[in-house]
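Please open the model in your viewer and display the side chains.

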Amino acid sequence: MKDPKDSKARLDALRADIERRNPAQPEFHQAVREVLETLAPVFAARPEYAVAGLVERLCEPERQIIFRVPWTDDHGHVQVNRGYRVEFNSALGPYKGGLRFHPSVDIGVVKFLGFEQIFKNALTGLGIGGGKGGSDFDPRGRSDAEVMRFCQSFMTELQRHIGEHTDVPAGDIGVGGREIGYLFGQYRRITNRWEAGVLTGKGRGWGGSAIRPEATGYGAVLFAAEMLKLKGIGLEGRTAVVSGSGNVAIYTIEKLHKLGAHPLTCSDSQGYVLDEKGIDIELLKQIKEVERGRVSDYAARRGGSARYVPGGRVWEVAAEVAFPSATQNELDVQDARALIANGVKAVSEGANMPTTPEAVRILQEAGVAFGPGKAANAGGVAVSALEMSQNAARVSWTAERVEQELAGIMRDIHAVCHETAERYGAPGDYVTGANIAGFERVADAMLAQGII
Ligand code: NDP
């Protein structure tokens, strides 16, 4: 299959088959399409990948678990949610990937996230497979006691399927330190094991790693800095737009400040804040992490420099660097055109698949350096893997050490994506570079391990 056209025809047929066999899962289709579209040159150059139904196996999860999660709310009413864990690929290590609690979660969303995770985790070089999970439970507006009862019920089933050598969940949207604590407590209670490496994102005092809360956001900024460096530009003094106001957004904003840039925005699903003086990170943390409030509260408390725009999108604000850090498909063609018109130089995806495929194409054609989530937000899972290493050795590294490791990993991921894109004739195309570099690592391991 030397001719790339043959490879493309075969991948197109495979894609059609995947869409037929996985109906009503648009996010999963989108994630698969985006990867398959970039793989044709690899198949042309390395025919060994064309054998053994390799890509067919890669696109089919090794295991998918769906379960009932009953719990009792504060009024004594029984609520029933649905739980998911998709154990997608373990060729490189135990399944690894977060849990998302959000009403939009269904099997297609979990599969898209799990599929992305395979390549992202491979890019870290740290020996972790790909998985993802979650529930359609909405923690917003729920009391701590309700969240605890939900997490306990969720873990009562999930614990059968996970373990430090099997599957290691972490946080994602709606799952932060509070939820990981309740989940870990229930795991420990049921199994009667102190198995720290079964979950990552734990509290610092009981097995968590320094810098894990910061890692995804910090990593996305470091990735942007690497992309800009190749353009001969520094981050210092640059204006930035950031969407979201959760874990990833907060630490993206914090790192931008540390590197002398000016993060102007944050948002939630109801609107955004533009702060001409730059987002006050301590106020944002207080409102979001301590009070669990909204970004509208930030604008109300910040005073003159901040304006709340209900229903608006941060992409209309002029800035030189953009960090989509909320959720999938939050940056579309219109947003991309607005960013380009305002002179954006780089987009670094803190969230998973936040930019629609058309928007990615438009940004790349305009010469904007575009860092896909698989590469740009891999810092979170990388530090999770470092948390697993610390747990296995029963040691706790200093924040300085973890931050240094993170910086090195983000530099390496940037380099491998950049080099791979060049090697396959797509210089500057980090999407192609990330997909192919991740694919080669997983594919080599799958080939070596036989048809399983
Ligand atoms: P959080 O729950 O901490 O924050 C999510 C933020 O995004 C909130 O501001 C939320 O606003 C907003 N948001 C969520 N859903 C929507 C939506 N449908 N429309 C508009 N805004 C929305 O999650 P994280 O910060 O952890 O995750 C953000 C993104 O980063 C996700 O794509 C996640 O998969 C990805 N990611 C996270 C990693 C991590 O380590 N946490 C690692 C790698 C990727 P609201 O409160 O109004 O819902």
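Which charged end sits over the ring of Trp 397? Select Trp 397 together with Arg 401: the charged end of Arg 401 sits over that ring, 3.7 Å from its centre. A charge counts as sitting over a ring if NZ of Lys or CZ of Arg is within 6 Å of the ring centre and within 35 degrees of the ring normal.

This is a predicted model, in which local features need pLDDT of at least 70, side-chain atom pairs count only at pLDDT 80 or more, and totals for chains, interfaces and linings use all residues. Residues are numbered from 1 along each chain as its sequence is written, and side-chain values use heavy atoms, with hydrogens and water left out.

Next, select Tyr 218 and Lys 255; the charged end of Lys 255 sits over the Tyr 218 ring, 4.8 Å from its centre.

Turn now to the aromatic pairs, of which the structure holds 18. Rings of Phe, Tyr and Trp (its six-membered ring) pair if their centres lie within 6.5 Å; planes under 30 degrees apart count as stacked, over 60 as edge-to-face and the rest as tilted.

Select Phe 67 and Phe 154, a tilted pair with 5.2 Å centre to centre and 50 degrees between the planes. Phe 67 lies in strand S1 (residues 63-72) and Phe 154 in helix H5 (residues 144-158), so the pair ties together parts that are 87 residues apart in sequence. Helices (H or I, at least four residues) and strands (E, at least two) are DSSP runs, numbered from the N terminus.

Finally, select Phe 67, Trp 71, Phe 101, Phe 137, Phe 150 and Phe 154, which form one aromatic cluster.
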